[in-house]
Amino acid sequence: MLRSRLLFRNSRSSLLRVSPNSLLASKKTVSPFLYRFNSTTAKVADISSSNYKTAYYGNPSNLSDLDTFARRHLGPSPENVEKMLAQVGAKDIDSFIGGVVPDNVLVKRKLNIEPLDGYSESGMLKRLKEIASKNKVLKSYIGKGYYGTILPGVIQRNLLENPAWYTSYTPYQPEVSQGRLESLLNYQTVVSDLTGLPVANSSLLDEGTAAAEAMIMAFTGARGKKSKFFVDKNTHEQTIGVLQGRAKTQGIELIITDLQSAEGIAQLKDNQGELCGALLSYPGTDGSIGSIMKLTEVADIIHKNKGLFAVASDLLALTLLHPPSAFGADIVLGSSQRFGVPMGFGGPHAAFFAVTQKLQRKMPGRLVGVSKDRLGNQALRLALQTREQHIKREKATSNICTAQALLANIVANYAVYHGIDGLRNISRKVFGSTSLLAGEILANSQHEILNKTWFDTLSVKLSGVTSDSFSEKAVSQFGINVFKVNESTVQLSLDETVTKEDLSALVEIFTGEKKEINTNDLPEFPEEWTRKDNILTNPVFNKYHSETAMLRYLYSLQQRDISLATSMIPLGSCTMKLNATTEMIPITWPEFANLHPFAPRDQAQGYLELINELEQDLAEITGFAKTTLMPNSGAQGEYTGLSVIRQYLEHKGETSRNIVLIPVSAHGTNPASAAMAGLKVVPVKCLSNGNLDLADLKLKVEKHAENLAAIMITYPSTYGLFEPTIRTAVELVHTAGGQVYMDGANMNAQVGLTSPGDLGADVCHLNLHKTFAIPHGGGGPGVGPICVAEHLKDFLPKHPVAETTNASTETAINPVSAAPFGSASVLPISYAYIKMLGGNNFPYASVMAILNANYMMYRLKDSYKIMFLGSKSESNEIQYCAHEFIIDLRPFKNVGIEAIDVAKRLQDYGFHAPTMSFPIPGTLMRRNQSR
Ligand SMILES: Cc1ncc(COP(=O)(O)O)c(C=O)c1O
């Protein structure tokens, strides 16, 4: 057992105005459940013990499906529930829940989620097939950061589709995470070697947000004294969009210009003294590759000004191309998607982020480091993981918590499987095919290729045909999508999936000539562009190139970890559910996996239907009017929600409202996200019983009434309690003109019992990777949608390239993610989870989470001190916890036992230890998932 201290958490068309359902081709194709049901039909949910029997066992008639979901996933059987209720001293579920959830909080609004009794597992797959069949998977050359790729079968089956990999938690407990940590270290090594920079993190959320993190590093590095950040205009539109949003909230002046022109250089020089950094793309979004000399000149000007030079790049190109370190980049970032991760209609994909040694302590995200165990053997652990949000809180310079671990692991193993020679073969194929096509276009057509240099992308100015009719013909006659740049220019990016036949089709589209392509003599990558250093020399990239070896390597890694395939993971504040296989199956179906996020909307009808229904179900659950699925994690949801509030207040002319109240018990991402949204944090005290200190809240509200923007409340609280005073707190803030943001990470205790909307809040985020069954992936992916009340719905984020299902209004905020629907390919998981439970059964997911936690608490309470149990809350004694409770181990200190010893002993028995020392030092917090 390691003795290192455990560190716990402590279409391409310009934007259209669209109405919510206008993206769906015709209402005829829409599921009958797409539209919200008339709320006047809303009734009270039945959460009685007798109804639990029906929910659990179903109500089978002779012909109904017998593979019902609830009995496999809700957890305890009705018979066990009886015994558990007796343990906690309650006669039935109704009276138990009545004792846990305060009267003024318990709403029990019946959820209009169809089908009300849920799909059976086979019925769900049938329905999902029907939805998937409405997506048309054409050959995509759209590019713009999303490319076709081949996910090796051995990685698909044994990693992406393997619960031992996808259900594990973030590797905060190194003793039970050495496998994943090794894989993430491999990922960091790939990124570091390819970018030429010495330190890389173990992933960020996507390319756009990674660029924003780089900009913020530059801005905070200059201590906010230099506020101009330059962006080369030859950068993906969605990246610029995300940068614009972040720049606005931080007060950074974004200057978008041609940094590789004489004018751009002059502009840079003119702004010396005010410039904190710049971002440039290499290769550019039009496909061109800047000259090392020119890029060095740009770097020199920035460095003379003590600014940071960030470069957005492409790992596949960098296997051959000189690395950005060669021309002085301080930060290199981008998407690693094309290393085996399907396009998935936009994500999830791991962004990479590498920095110079000097910047390593300022780098956002998680970093795996090599350490030693107590016997001196090499061991891996996360380094710096608690630094940002949990220690620095509002002084944090990044709010990234959940990242993209599972996807980073796919990328790492893709590199392990191919090795540098394999990767370079792929690169040469991509460059060779692109060059061959370019040669044919130049020799046999009137079209002009605008970029004079390329790796995989050609920008073609068309002659004698408009982009629209060209694209239309490409789709209808060849089944090919290209990117429309403007009325006369199209762009296309080639990838490893391109075959000889694909190339012939492309040549025919551009030249009108059908001809046999000789792919034996693909043009060679130019010598002067070719990097000469030795990379990916570590043995791990040279040993596992047969499938047998790869399979065994993956298996050996998974054996070193605890996942839900091994035992339960009882974390506080992080609901870990065993993700149903039926929920997971569709994500690798080609109809969901292989769609480009900017594909014309008539080809994505299945996705749009699923997204629309999911958005509406989430709004129904939270009691709100509208949802956006764009944010890629809970913390990004927080940032989005607060930005929406800021925009709303600005629209009302209340620009001076810039203060957000946050209880001291809040999760660290709350204050960090508030800071990212440009708001000032004022902490609010908590009482010794864990409740919000209303007197202090009143004081702070009165003091800051004029400038109050919002309060952020986690409910049930981070201490695991349903605070009875929640409505008073909401009212206090509203009366002073502030908005109420509810952190929905703990929504698992609320579904069908109460909701942020029912409690009077204005906006909340949800962690679909907690409450709604998306697996934790070993530290991501996450999906952090926000749901908002009616008055905030026109402020939800827009996207500069592709239409979304909501806010495309003038007042919409800038995109918060690179892709229009964030991590779209994992949405079928939450969709299936919700639809297999249905409105009638869903409340029992929360009921069982609460009962499980209280049962455990009652079994342990005579042997351990349980925080807050027995103390007073208002005039009542605290008798029950919500869905989690805190065991106080401090009394054992005088016999030499501390929380860490208990945590490690649990690991000895093959359990993942509960959350330690968060939110209270010296304690363990455990949460019980509902299943
Ligand atoms: C209460 C709470 N809020 C917010 C978050 C942040 O979510 P994420 O890790 O997805 O960014 C967490 C996650 O750990 C949480 O427990």
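Reply: Domain bounds come from an automatic or database domain assignment. On that assignment, the protein is divided into domain 1 (1-108 + 572-931) and domain 2 (171-404), and 30 Å separate the centres of domain 1 and domain 2, taken over C-alpha atoms. The model is predicted: local features need pLDDT of at least 70, side-chain atom pairs count only at pLDDT 80 or more, and totals for chains, interfaces and linings use all residues. Residues are numbered from 1 along each chain as its sequence is written.

Me: How many residues of domain 1 are in contact with domain 2, and what makes a contact?

Reply: Two residues are in contact if their C-beta atoms, placed from the backbone, lie within 7 Å. By this criterion, 63 residues of domain 1 are in contact with 51 residues of domain 2. The side of domain 1 that touches domain 2 divides into 33 nonpolar, 26 polar and 4 charged residues. Here Ala, Val, Leu, Ile, Met, Phe, Trp, Tyr, Cys and Pro count as nonpolar, Asp, Glu, Lys and Arg as charged, and the others, Gly among them, as polar.

Me: How many helices and strands are there in the protein?

Reply: There are 28 helices and 28 strands. Helices (H or I, at least four residues) and strands (E, at least two) are DSSP runs, numbered from the N terminus.

Me: Why is the protein called as compact as a globular protein of its length?

Reply: The radius of gyration is taken over C-alpha atoms, and the globule rule is 2.2 Å times the number of residues to the power 0.38. For 931 residues the rule gives 30 Å; the radius of gyration of the protein is 27 Å, close to that value, so the protein is as compact as a globular protein of that length.

Me: What makes strand β6 mostly covered?

Reply: A residue is buried if 20 or more other C-beta atoms lie within 10 Å of its own, exposed if 12 or fewer, and partly exposed in between, with C-beta atoms placed from the backbone. In β6 (residues 308-313), 6 of its 6 residues are buried. Leu308, Ala310 and Ala312 lie on one side, and Phe309, Val311 and Ser313 on the other.

Me: How do you know that β5 pairs with β6?

Reply: Two strands pair if DSSP finds at least two bridges between them. Strand β5 (residues 275-282) is joined to β6 by 6 bridges, and the two run parallel; therefore they meet the criterion for pairing. Leu279 stands opposite Ala310 in β6.
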